[in-house]
Amino acid sequence: MIRVLVADDEPVARRRVVRFLKQDPEVEVVAECAGGREAVERIVADRPDIVFLDVQMPDVTGIEVAEQVGVEEMPAVVFVTAFDQYAIRAFELNAVDYLLKPFDAERFAQALARARSRLGGGGGERARQKDELRAVVKELLAEHVATAAVEYLDRIAVRVDGSLRIVRAADVDWFETEGNYIRLHVGRANHLIRVTAAELEQQLDPRQFARIHRRYLINLDRVSEVQPWFAGDAVVILKDGTKLRLARSHRAALHARLLGDK
C-alpha cells in the first residue's frame, strides 16, 4: 500500500486531490493538511511515501515545507499549484512532478505514476526523473512567458449621460450578450457597449473570466456557488445573489477552473 499525504490550504482543491487518489486501490491517504506547518509535523510523524504539496500556503509555503523537513528526508513530492515564481526550485527539493492547476484526471494519474516509480528507483532513476521534471518546468516557464506577453483588456470605456466613463474589467461582475452589443453588469449599474461576444472574449483574461452560456461571460472572482438544474444544466450564483444559467457544454470547464485555478 502506498501511503500519501495531501497538503493544500484550499478545502475544495484538497478534496479534489484526495478524490483522485482514492480511485487507486493501492493508495492510502494517511493525512490531509490545511497548511504547511501541519504538513511538516505530519510528514515527520507519519513518514508518507508520497506528498502532494501545494506551493502557495499562507503559513508555510510548500517550498519551505520541503526545506524544513530536509531535502534528504522528504518523501517523493508532487508540487500542486498555479504557476508561480517557485517552479524552478522544484528540482532541488526531491520533486518528481509539478502539477499546474487546473489539471485533469489524466494529468494527475501521470504525476502519481511518476511518484510511484520514484519509490523503487535508485540514484540513476532519480536523476532521470529530475531530468524529466526539468523538462516539465521548462515547458511551464515558456507557457508563462507567452501568457504574460499577452495584454488583456484592463479598462472599458462606456457612455453615461453623454459622458465617457472608464470601467475596469476586473470590476465587472458579468457580461450579457444582446445581439451585436454587450451589457456590462457592475454592481447595481449596467452599461451597453457595441462589441460582439466573440470579440470581447478574445480580449478578456481567461484566468479571470469564463463563458458559461452563449449569453453570459462571468468574473470568476464573483462566483459564490454552482447548483444543479435541469437536463445537465446548472445555475451559477454570484456573490450578489444573481443567478445565471450554466450550459451543460460549459459545465466541466467551469468546474475545473473553480476547483483548480488559484
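**Note on sheets, cores and salt bridges**

1. Glu201 is partly exposed, at a relative accessible area of 34%. In this note buried means under 20% relative accessible area and exposed over 50%, with partly exposed in between (1.4 Å probe, protein chains only). The side chain of Glu201 meets that of Arg211 in a salt bridge, 2.9 Å from N to O. Here a salt bridge is a side-chain nitrogen of Lys or Arg within 4 Å of a carboxyl oxygen of Asp or Glu. Arg211 is buried, with a relative accessible area of 17%. The pair links distant parts of the chain, with Arg211 in strand S11 (residues 209–213) and Glu201 in helix H6 (residues 197–203), 10 residues apart. Helices (H or I, at least four residues) and strands (E, at least two) are DSSP runs, numbered from the N terminus.

2. On the basis of the values: this is a predicted model, in which local features need pLDDT of at least 70 and side-chain atom pairs count only at pLDDT 80 or more, while totals for chains, interfaces and linings use all residues. Residues are numbered from 1 along each chain as its sequence is written, and side-chain values use heavy atoms, with hydrogens and water left out.

3. Five strands form an open sheet in the order S2-S1-S3-S4-S5, with parallel pairing. Two strands are taken to pair if DSSP finds at least two bridges between them. Strand S2 (27–33) and strand S5 (95–100) are the edge strands, each pairing on one side only. From one strand to the next, the twist averages 20 degrees. Within this sheet, strand S3 (residues 50–54) runs parallel to strand S4 (residues 76–81) and is joined to S4 by five bridges. Val51 stands opposite Val77 in S4.

4. Which strands does helix H1 lie across? Helix H1 (residues 11–21) lies across strand S1 (2–7), S2 and S3, and runs at about 170 degrees to S2. Helix H2 (residues 36–46) also packs on the sheet and touches S1, S2 and S3, its direction making about 140 degrees with that of S2. Axes are lines fitted to C-alpha atoms, for helices over the stretch in contact, and angles run from 0 to 180 degrees between N-to-C directions.

5. The largest nonpolar core has 22 residues, of which Leu5, Ala7, Ile43, Leu53, Val65 and Phe79 touch the most other members. Such a core is a set of buried Ala, Val, Leu, Ile, Met, Phe, Trp, Tyr and Cys residues joined through side-chain atoms within 4.5 Å. Two or more residues come from each of S1, S2, H2, S3, helix H3 (62–69), S4 and S5. H3 gives the most, with four residues.

6. Leaving aside neighbours within four places in sequence, the contacts of Leu5 (heavy atoms within 4.5 Å) include Val30, Ala31, Ile43, Ile50 and Val51. A second, separate core of 20 residues includes Ile2, Leu21, Phe52 and Ala115.

7. The structure holds 13 salt bridges. One of them joins Asp97 to Arg107, whose closest N and O atoms are 2.8 Å apart. Asp97 lies in strand S5 and Arg107 in helix H4 (residues 105–119), so this pair ties together parts that are 10 residues apart in sequence. Buried or partly exposed: which describes Asp97? Asp97 is buried, with a relative accessible area of 0%, whereas Arg107 is partly exposed at 22%. Asp97, Arg107 and Arg114 are linked in a network of salt bridges.

8. Asp154 and Arg168 meet through their side chains in a salt bridge (3.1 Å, N to O). Asp154 lies in the loop between helix H5 (123–148) and strand S6 (155–160), and Arg168 in strand S7 (residues 163–168), so the pair ties together parts that are 14 residues apart in sequence. Asp154 is partly exposed, with a relative accessible area of 30%, and Arg168 counts as partly exposed at 38%.

9. Arg183 lies in strand S9 (residues 181–186). The side chains of Arg183 and Glu178 are joined by a polar contact of 2.8 Å. A polar contact is a pair of N or O atoms within 3.5 Å; within protein, one must be able to donate a hydrogen and the other to accept it, and residues adjacent in sequence count only if both atoms are side-chain atoms. Among the other residues in contact with Arg183, beyond four places in sequence, are Trp174, Phe175, Asn190 and His191.

10. A further open sheet has three strands in the order S13-S14-S15, with antiparallel pairing. Strand S13 (223–228) and strand S15 (243–246) stand at the edges with a single partner strand each, so one side of each is left without a neighbour in the sheet. The twist here averages 25 degrees from one strand to the next. Strand S14 (residues 234–238) pairs with S15 over four bridges in the antiparallel sense. The bridge partner of Ile237 in S15 is Lys243.
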